[in-house]
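Look at the charged side chains and how they pair. The text below goes through them in turn.

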Amino acid sequence: MCGRYASTVTDQELRSLFDVVETVGEPLPPSYNVAPTQTVRVVLERAPKDDPGVEAVRQLRSARWGLVPSWAKDPKIGNRLINARCETITEKPSFKAAAARRRCILPADGYFEWQKREDGTKVPYFLHGDGVLGMAGLYELWPDPSLPDDHPDKWLWTVTVLTTEATDAAGQIHERCPLVLPPSFHDVWLDPALTDRDDVDALIASVPEPHLEPYEVGTAVNNPRNNRPELLEPV
């Protein structure tokens, strides 16, 4: 799974790295310990709300981590949907609509995973690549029934991180890891015109395994209230 990650790159750098055309919302401060239910920056492509017939624009915007399906009665369901297994996203009711039309990328410096030792203790590791990782995700918009249609907070934007079977060094720490998209996959993954679920499954199957480097970090990362650069230092 992916339950924590670091994201410290500025909006300006993200706009350049992901060819972003439009930025929505205020920048977020660097986070060395991003946790579920927090607000995160995501990259997606979407047509303007007032003119859906216009060509989609690549955006950088904020969303809450923990996907809330549009049909959900209670947004608390998002607390359980921080990850989605990429093998089943086109089938599961919570994810299949977003898999067909609302895919996104969550930029990350790297992510944390805990390795369970024989004595039962869990040791945190930070896994990173060469530069910013583009973690594949899905996003949804949930209409708050308690607010009028013209209220600025009517629509709650939420996201989930896709996971896949871990291989390479990541597989030695945990059996699952984020689905990391190489830059050559960004355009097709974000393309809202890709709506056929079989094509989405084929695209996921073609993503090459990432080559990530892990190193052990201190247990301060266990507490999501801790958020400082030292969390990324190897022990």
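A salt bridge here is a side-chain nitrogen of Lys or Arg within 4 Å of a carboxyl oxygen of Asp or Glu. By that definition the structure, a predicted model, holds seven salt bridges.

Begin with Arg58. Its salt bridge with Glu45 has the closest N and O atoms 2.6 Å apart. The pair links distant parts of the chain, with Arg58 in strand β5 and Glu45 in strand β4 (residues 39-46), 13 residues apart. Both Arg58 and Glu45 are buried.

Arg58 also meets the side chain of Asp187 in a salt bridge, at 2.8 Å from N to O. Here too distant parts of the chain are linked: Asp187 belongs to helix α3 (residues 183-190) and lies 129 residues from Arg58 in strand β5. Arg58 counts as buried because its relative accessibility is 8%, under the 20% limit. Asp187, at 49%, counts as partly exposed.

Another salt bridge joins Asp149 and Lys154, whose closest N and O atoms are 3.7 Å apart. Asp149 is exposed, with a relative accessible area of 68%, whereas Lys154 counts as buried at 9%.

Finally, turn to Arg80. Arg80 sits in the loop between β5 (57-65) and β6 (83-85). With a relative accessible area of 64%, Arg80 is exposed, because exposed means over 50%. The C-alpha atom of Arg80 is separated by 9.3 Å from that of Pro36, a residue 44 positions away along the chain.

Note on methods: Residues are numbered from 1 along each chain as its sequence is written. This is a predicted model: local features need pLDDT of at least 70, side-chain atom pairs count only at pLDDT 80 or more; totals for chains, interfaces and linings use all residues. Side-chain values use heavy atoms; hydrogens and water are left out. Helices (H or I, at least four residues) and strands (E, at least two) are DSSP runs, numbered from the N terminus. Buried means under 20% relative accessible area, exposed over 50%, partly exposed in between (1.4 Å probe, protein chains only).
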